[in-house]
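Here are my notes on the model you sent. Please read them with the structure open.

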Amino acid sequence: MSTLHVLSHSPFTDSRLTSCLRLLGPADGVLLCGDATYALTDSTAPLEALQALGANKVFVLEEDIQARSMAAPDWVNVIDYPGFVELSIRFDKVNTWL
Amino acid sequence: MAKSMLIISRQAPWSGPGAREALDIVLAGGAYDLPVGLLFLDDGVFQLLPEQNAKALQQRDLTANLKALSMFGVEDIYACGTSLAERGILQEAVDEDIIQLPQSAEIAALIDRYDHVITI
């Protein structure tokens with residue numbers, strides 16, 4: 001079964017992203033929203049760790065990227081809220097790291 | 001058949017309501033005979049240390065609730081071995097009813113087995 005892991009906390013203040021990546025299953029995906037989008041900051045360890053996952057594993061909410069005037073790298077799938085809903089259905093379950 | 005649920009508890013016992021809330025969900029699920037599992041991850045493993053003194057913080061002791069889990073039919077209790085090791089908690093210090101998962105791949109497989117996952 002595949003799991004979509006939803007992260008909304010900055011990877012620079014706590015260990016959610018690190019733990020999530022450690023436990024990620026082969027069919028799983030990661031969706032970044034809120035302050036978790038800071039993980040896509042250039043030249044940072046979180047960005048490198050996410051890039052190592054390969055293609056079609058990392059998703060980010062467009063409005064959270066825009067709000068922070070950030071640009072998503074081309075290997076990240078930028079989605080809107082309907083896309084979020086579609087992802088929630090595509091994966092067997094959603095694990096939100098509260 | 002009822003859907004199974006894994007609760008991942010990753011907050012230390014006295015850092016806020018998170019630890020208690022996670023345990024409450026597990027106990028509620030157990031009371032309704034739902035297939036529930038509990039995984040202690042990150043700072044959540046601090047909940048497993050014996051002899052905590054809740055009175056010092058004028059709170060109630062969570063360790064009693066932990067012991068009650070089996071009475072509620074919750075037998076699938078796991079702890080992340082990496083989280084334990086990172087925090088210097090020895091394997092022997094943890095109650096033997098709690099299954100320690102030293103490999104991250106084992107935890108990924110555990111998450112995979114359940115229909116729903118709630119991380120607090």
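1. One pairing to start with: A:L4 stands opposite A:G29 in β2(A). The two strands involved are β1 (residues 3-7) and β2 (residues 29-32) of chain A, which pair in the parallel sense over 4 bridges. Pairing here requires at least two DSSP bridges between two strands. Helices (H or I, at least four residues) and strands (E, at least two) are DSSP runs, numbered from the N terminus.

2. On provenance: this is a predicted model, in which local features need pLDDT of at least 70, side-chain atom pairs count only at pLDDT 80 or more, and totals for chains, interfaces and linings use all residues. Residues are numbered from 1 along each chain as its sequence is written, while chains are lettered from A and ligands numbered from 1 in the order in which they are written.

3. Chain A has 4 helices and 5 strands. Read from the N terminus, the order is β-α-β-α-β-α-β-α-β.

4. The 5 strands make an open, parallel sheet, ordered β4-β3-β2-β1-β5 in chain A. Its edge strands are β4 (77-79) and β5 (93-96) of chain A, each pairing on one side only. From one strand to the next, the twist averages 25°. Angles run from 0 to 180 degrees between N-to-C directions, with axes fitted to C-alpha atoms, for helices over the stretch in contact.

5. Helix α4 (residues 81-90) of chain A packs on this sheet and touches β1, β2, β3 (58-61), β4 and β5 of chain A. The direction of α4 makes about 115° with that of β4(A). Contact means C-beta atoms, placed from the backbone, within 7 Å.

6. Which elements of chain A face chain B? First the count: 13 residues of chain A are in contact with 12 residues of chain B. On the chain A side, α1 (16-23) and β5 each supply at least two residues.

7. The largest nonpolar core has 49 residues. A core joins buried Ala, Val, Leu, Ile, Met, Phe, Trp, Tyr and Cys residues through C-beta atoms within 7 Å; buried means 20 or more other C-beta atoms within 10 Å of a residue's own, again placed from the backbone. Those with the most contacts inside the core include A:L7, A:V30 and B:L6. Beyond four places in sequence, B:L6 touches B:G37, B:L39, B:L110, B:I111, B:Y114 and B:V117.

8. Of the 98 residues of chain A, 33% count as buried. The C-alpha atoms of chain A fill a box of roughly 35 × 30 × 25 Å along the principal axes.

Methods. Contact = placed C-beta atoms within 7 Å. Buried ≥ 20, exposed ≤ 12 C-beta atoms within 10 Å, placed from the backbone.
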